[in-house]
Amino acid sequence: MWLKSLSVTEHVFFWIAIAGSAALVIQIIVMLCSFAGMDADVSDTFDGDVDSDGGLSFFSVKAITAFFALGGWCGFATASSINNVWTPVLVAIATGSAALVGVGFAMRGISKLQCSGNLVKEKLTGMTATVYVTVPAARSGRGKITLTAQGKFTELDAVTDDEDKLSVDTPVRILSYEEDFVVVAKIGAERAEESKTEDSVS
């Protein structure tokens with residue numbers, strides 16, 4: 001059997017590449033469904049997000065998936081032709097890092113396709129979105145969210161009243177639009193926010 005003929009190093013890179021590629025395909029399908037207007041809320045479990053002032057988020061689930069997919073295949077190809085452990089590792093890290101940075105810039109470029117000035121802001125309330133740049137807790141700062149609204153892939157500044165920060169790729173719901181930003185809550189937590197508001201009014 002072909003798999004049995006692989007070395008230990010080849011096995012490691014092969015299965016990393018398979019797992020990364022499968023995850024990447026799933027994310028592409030979800031993204032296509034989102035562009036098609038379907039309601040696809042996917043919760044990513046990775047919480048190691050790093051933000052930058054420019055709005056770039058290289059350590060998102062999408063970027064890390066690309067890192068393992070491309071790095072895994074390049075490491076596997078190198079291990080198959082070079083009888084050395086460290087060379088495939090270095091090649092995998094280099095190509096994976098290039099994929100990670102590339103996806104970060106690609107997502108930034110896609111977000112610039114938005115045309116928020118033409119959005120009917122009142123219609124954003126109640127829509128679901130995904131955190132693109134971490135939203136600090138308790139309105140202590142602004143983050144960013146992305147969503148497909150009114151036929152456009154849109155990036156908006158966001159704040160939250162939640163006591164915990166909203167990490168990259170967290171699914172959220174828009175509660176209101178205020179001035180030049182939206183107020184969001186993690187999906188499942190927005191009911192608690194509404195309950196607090198009703199209690200304060202009563």
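The pLDDT is the predictor's confidence in each residue, on a scale from 0 to 100. You will want that idea at hand, since the model above is predicted. Across the chain the pLDDT averages 78, and 74% of the residues score at least 70. Where pLDDT is low, the predicted coordinates should not be read in detail.

Now let us turn to the aromatic rings. The whole structure holds five aromatic pairs. In one of them, the ring centres of Phe14 and Trp15 are 5.0 Å apart and the planes meet at 75°; the pair is edge-to-face because planes over 60 degrees apart count that way. Trp15, at 46% relative accessibility, is partly exposed.

Phe14 also pairs with Phe76, this time in a tilted arrangement, with 5.6 Å from centre to centre and 55° between the planes. Which parts of the chain does this pair tie together? Phe14 belongs to helix H1 (residues 8-35) and Phe76 to helix H2 (residues 61-81), so the pair links parts that are 62 residues apart in sequence. Both Phe14 and Phe76 are buried. Together with Trp15 and Trp73, these two residues form one aromatic cluster.

Stay with H2 for a moment. This helix has 21 residues and reaches 30 Å from its first C-alpha to its last, close to the 30 Å expected at 1.5 Å a residue. Its buried residues include Ile64, Ala69, Gly72, Phe76 and Ala79.

Next, follow the chain to its strands. In soluble globular proteins, nonpolar side chains tend to be buried together. Here the largest nonpolar core has 14 residues, and those touching the most other members are Ile145, Leu147, Val172, Ile174, Val182 and Val184. Strands E1 (128-133), E2 (143-149), E3 (152-160), E4 (171-178) and E5 each give two or more residues to this core. The largest share, three residues, comes from E2. Leu147 has contacts beyond its neighbours within four places in sequence, among them Leu124, Met127, Phe153, Leu156 and Ile174. Finally, a second, separate core of seven residues includes Leu3, Leu6, Phe13 and Phe76.

Technical notes: Residues numbered from 1 in each chain as written. Predicted model: local features only at pLDDT ≥ 70, side-chain atom pairs only at ≥ 80, totals over all residues. Heavy atoms only, no water. Phe/Tyr/Trp six-rings, centres within 6.5 Å; stacked < 30°, edge-to-face > 60°. Buried < 20%, exposed > 50% of the residue type's maximum accessible area, 1.4 Å probe, protein only. Helix = DSSP H or I, 4+ residues; strand = E, 2+ residues; numbered from the N terminus. Expected span 1.5 Å × (residues − 1). Core = buried A, V, L, I, M, F, W, Y, C linked by side-chain atoms within 4.5 Å. Contact = heavy atoms within 4.5 Å.
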